Amino acid sequence: MFKVTIDNQSIEVEAGTTILQAARLIGGDIVPPAMCYHSELKDSGGKCRTCMVKVVQGSEKDPRPMPKLVASCRTEVMDGMVVQNITSPEVIDARKAVVEFLLINHPLDCPVCDQAGECDLQNLSYEHGTNASRYEEEKRTYDKIDIGDKIQFHPNRCILCYRCVYAADQLTDNRVHGILYRGEKSEISTFVHQAIENDFSGNMIDVCPVGALTDKTFRFKNRVWFLKPMEAHRNCTKCSGKSTIWFRGNEVYRVTGRKDTYGEVHDFICNECRFDKKQASDWTIEGPATIVPSSVLNQNHYKNVVIPSVINPIKETME
Amino acid sequence: MNQNPKIQLTNRSKVVSNKEMTFMERLYLPAILKGLYITMSHFFKKEVTIQYPEVKRPVSDIYRGLHVLKRDDEGRERCTACGLCALSCPAEAITMVAAERTDDELHLYREEKYASIYEINMLRCIFCGNCETACPKEAIFLTDRFVASETKRNAFVYGKDKLVEPKDAPIDISKRQTAEVKTFKLDKSKSHNK
């Protein structure tokens with residue numbers, strides 16, 4: 001067991017744990033944000049640089065600090081490592097710069113985008129970004145691409161996190177898409193715009209941290225914050241069947257995987273569950289999905305309301 | 001009947017008596033003349049009513065009245081049905097349905113998404129102006145116009161036919177634009193002003 005201290009909080013973790021995972025075990029504000037890292041996808045991480053932290057003490061044996069900020073999702077902990085995240089102004093500054101870079105070519109079309117309200121980039125720029133851009137040049141633009149009849153790809157919004165590529169690689173047998181070209185010109189694409197057709201391709205939508213890959217069956221249907229997410233399951237032969245279904249009234253608007261606090265899906269669902277089962281009768285509803293308190297989905301919902309004690313005697317008499 | 005005459009809600013209540021009226025009171029004429037005098041005296045007082053709609057009361061420059069959905073310089077609708085006005089609305093008066101713009105409609109809508117249905121229930125609306133503050137596209141504004149009276153409740157649900165400004169008769173909202181807002185709009189680094 002290695003002892004690691006992140007922002008003055010210590011925890012003992014097993015060897016081979018990354019700084020990000022250790023921070024998530026502690027939890028709270030000190031968890032670095034991550035756009036490209038996904039705990040269920042092997043080799044993900046190290047692309048977006050938002051999770052950068054400062055290592056002020058490499059280990060017990062070699063207490064020299066690391067010369068540069070390191071990506072916490074890729075750096076494994078050492079015994080006696082001391083890490084600074086939000087306590088280091090250098091990290092905060094660097095993160096601000098990373099957000100600015102991520103937004104250089106991002107169209108900022110949140111009012112149009114279906115991901116708005118549950119977008120990692122939106123949250124990131126809200127917390128770490130500035131409200132103005134210094135970029136004066138024309139933004140790089142592409143036309144949107146239909147990947148099959150159920151998924152739509154907006155290359156403008158893509159931040160090249162590679163999550164969807166890893167998801168396709170690791171969840172399905174035939175990967176037909178990847179990243180073409182290099183550097184600023186790189187783009188996610190299929191080979192000659194081939195359709196991606198396999199049972200788990202829909203998970204690309206869930207793993208995408210931004211609005212680049214969106215559900216075409218939900219396109220412009222509603223804003224996520226007007227919908228009520230409910231956890232539900234069904235007996236599916238292909239997948240676990242554990243999903244979140246999004247209601248408005250009695251109508252199911254869309255079906256997604258269950259996302260945890262960090263926006264990661266652990267039970268990937270098949271396309272049949274995602275796109276074809278949009279009747280409430282198809283599902284066994286378990287209860288309301290848990291929503292992060294900071295999420296806009298909580299807007300206009302009264303949660304944890306305490307009934308005043310005065311009402312109770314009346315209630316008893318009434319009954 | 002007040003059971004306990006000692007308890008009074010106001011000090012203006014009078015105990016009614018069944019005392020027989022005097023001769024003068026039975027004539028009724030002095031009372032009628034007194035009433036007529038009061039009525040006639042109002043002819044010479046200053047009028048308290050105004051002849052709406054020919055005459056309108058002056059309102060403040062930043063008066064919050066009937067909403068307008070603005071068009072941009074090229075006459076395209078600015079609203080992109082993002083739903084932030086409906087979200088910010090404390091009275092939940094706004095509902096909308098979004099649709100995707102087709103290639104033939106490029107001259108009608110500014111963004112690729114637009115509101116095919118946009119409704120404000122004027123009976124619910126409290127004219128707080130939160131929708132205007134929330135709007136990221138400078139599409140919805142409150143104006144100095146009033147909501148007209150109607151005879152049916154359904155008529156107060158205003159659709160796009162009543163809310164979107166006519167192409168040939170733009171509605172002036174410049175009075176509600178403070179100097180701060182104007183300088184903000186000129187700042188090109190704020191991305192949505194581009």
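The following conversation concerns a predicted model and the structure of its chains.

Q: How are the residues and chains labelled, and what limits apply to the model?
A: Residues are numbered from 1 along each chain as its sequence is written, and chains are lettered from A and ligands numbered from 1 in the order in which they are written. In this predicted model, local features need pLDDT of at least 70 and side-chain atom pairs count only at pLDDT 80 or more, whereas totals for chains, interfaces and linings use all residues.

Q: How many helices and strands does chain A have?
A: Chain A has 7 helices and 14 strands. These are DSSP runs numbered from the N terminus, with helices being H or I of at least four residues and strands E of at least two.

Q: What is the radius of gyration of chain A?
A: The value is 22 Å, close to the 20 Å that the globule rule gives for 319 residues, so chain A is as compact as a globular protein of that length. The radius is taken over C-alpha atoms, and the rule is 2.2 Å times the number of residues to the power 0.38.

Q: Which residues of helix α1 in chain A are buried?
A: In α1 (residues 19–26), they are A:Ile19, A:Leu20, A:Ala22, A:Ala23 and A:Arg24. A residue is buried if 20 or more other C-beta atoms, placed from the backbone, lie within 10 Å of its own.

Q: And what covers them?
A: The cover includes β1 (2–6), β2 (9–13), β3 (52–57) and β5 (81–84) of chain A.

Q: Moving on, what is the strand order in the open sheet of 3 strands?
A: The order is β6-β7-β10 in chain A, with antiparallel pairing. Two strands pair if DSSP finds at least two bridges between them.

Q: Which strands stand at the edges?
A: β6 (145–147) and β10 (213–215) of chain A do; each has a single partner strand, so one side of each is left without a neighbour in the sheet.

Q: How many bridges join β6(A) and β7?
A: β6(A) and β7 (residues 151–153) pair over 3 bridges. Within this part of chain A, A:Ile147 stands opposite A:Ile151.

Q: Now the contact between the chains: how many residues does each give?
A: Chain B gives 15 residues and chain A gives 12. Two residues are in contact if their C-beta atoms, placed from the backbone, lie within 7 Å.

Q: Which element gives the largest share on the chain B side?
A: Strand β2 (residues 94–100) of chain B does, with 3 residues.

Definitions and conventions: A residue is buried if 20 or more other C-beta atoms lie within 10 Å of its own, exposed if 12 or fewer, and partly exposed in between; C-beta atoms are placed from the backbone.
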